[in-house]
Amino acid sequence: MSQIQPQPGIMEIKLYQGGQSHVEGVSDVVKLSSNENPFGPSDKAKEAFARSVHSLHRYPPTDHAALRAAIGEVHGVDPARVICGVGSDEIITFLCQAYAGTGDEVIHTEHGFSMYRISALAAGATPVEVPERERVVDVDAILAACTERTRLVFIANPANPTGTMIGGNEVARLADGLPPQAILVLDGAYAEFVEGYDGGAALVEARENVVMTRTFSKLYGLGGLRIGWGYGPQQVIDVLNRVRGPFNLSQTQLETAEAAVRDTAYAEKCRAENTRLRAWLSEALAEAGVPSDVSCANFILARFASQAEAESCDDWLKSKGIIVRRVAGYGLPNCLRITVGDEASCRRVAHAVREFKGQRT
Ligand SMILES: *Cc1c(COP(=O)(O)O)cnc(C)c1O
């Protein structure tokens, strides 16, 4: 064996599987596999993106002050304790890099987002998977799994791919029950889809051991541009800023994100449309004999009778040009995750699932 070898843990990382976007031989494809906003970003964000062409020869600011100020105003958080990154993925990476190394444990839940495990392994730490209860994060199971080596605990609330959520009291109980050296990370990628929910910002302010991550990739429709942010205790943010590259975000990313977050009317419109179409789609699927948990996000985890049925429905949908997400890799082989698209896409997927189920009865 060659003496040139990567750090321990790296070869255990399975490459992230992105949502598929093409079907061979089908042209009119609707992509419902990556929880993207079907309406795209706001016009104001697009204008800011176009304007940024004039400053491409300049290095961007390293402190992200204007974007942090905008986030502070719109989300009611202290800009001094906000850190911006290349997607919330980068904030997750910083947390693992700064707080978890060889011999340390990073907890994630059974159906949790795969980036937690990937980032933990990349940092040389040991990922620890904790069971959920009926596809819902189980606070008691997490607390029982904590040891003196636990450094980070990741939960998404609402969660992906389940779409379920736990209440504020449960989250606070989790924060309060952790060992003193551990940080609770609340991944709020889907927080904006829950009306009136702060994503855990108030808990960040009330505790010393809670960090929240947020993204521009979902409600704001900017997944292609890669912008996210984190909110935490000053001490933690100061640590993360030391591992952050000074020019991690481009001028284009900064200006576009600032315009996007300030366009609260557009965000509200997208949230309302998602809520309306999500209810319609989950009901249409249930009527076709495909149940789902109540989703708090912009997708529905459709449950089938078996893995075979889920896979043949996926094949059927694909043949109709509809791409959804298989989630066997998340321990949910009977399920397909379907993003709530625009109205035409919702009708198209509901119709196709109805046809699929009709054929089989
Ligand atoms: C989509 C998603 C993110 C967002 O990642 P970005 O790097 O910000 O695009 C984070 N967490 C979860 C659970 C997600 O589903």
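The ligand takes up the space of the second largest pocket, where a pocket, on a 1 Å grid over the protein atoms alone, is an open set of points with protein on both sides within 12 Å along at least five of seven lines, and a molecule counts as sitting there if more than half of its atoms lie within 2 Å of the grid points. Before I go on, please keep in mind that this is a predicted model, in which local features need pLDDT of at least 70 and side-chain atom pairs count only at pLDDT 80 or more, while totals for chains, interfaces and linings use all residues. Residues are numbered from 1 along each chain as its sequence is written, and side-chain values use heavy atoms, with hydrogens and water left out.

Around the ligand there are 13 residues, and those that come nearest are Asp187, Tyr190, Thr215, Ser217 and Lys218; a residue is taken as near if one of its heavy atoms lies within 4 Å. This shell divides into four nonpolar, five polar and four charged residues, with Asp, Glu, Lys and Arg counted as charged, Gly among the polar ones, and Tyr, Cys and Pro among the nonpolar ones. Helix H3, residues 87-99, gives the largest share of the shell, namely three residues; helices here are DSSP runs of H or I with at least four residues, strands are E runs of at least two, and both are numbered from the N terminus.

Which side chains have polar atoms close to oxygen atoms of the ligand, taking a polar contact as a pair of N or O atoms within 3.5 Å? For Ser217 the distance from a side-chain N or O atom to a ligand oxygen is 2.6 Å, for Arg226 it is 2.7 Å, and for Asn160 a polar side-chain atom lies 2.7 Å from a ligand oxygen. The protein covers 94% of the 390 Å² of accessible area that the ligand has on its own, as computed by the Shrake-Rupley method with a 1.4 Å probe.

Asn160 brings me to the backbone, where its peptide bond to Pro161 is cis, with omega near 10°, and Pro161 is placed in the loop between E5 and H6. Pro158 lies in the loop between strand E5 (150-156) and helix H6 (168-177), and a cis peptide bond, with omega of about -5°, joins Asn157 to Pro158.

Note on methods
Polar contact = N/O pair within 3.5 Å; in protein donor to acceptor, adjacent residues only side chain to side chain. 1 Å grid on protein atoms, 1.4 Å probe; cavity = no way out; pocket = protein on both sides within 12 Å on 5 of 7 lines; lining within 4 Å.
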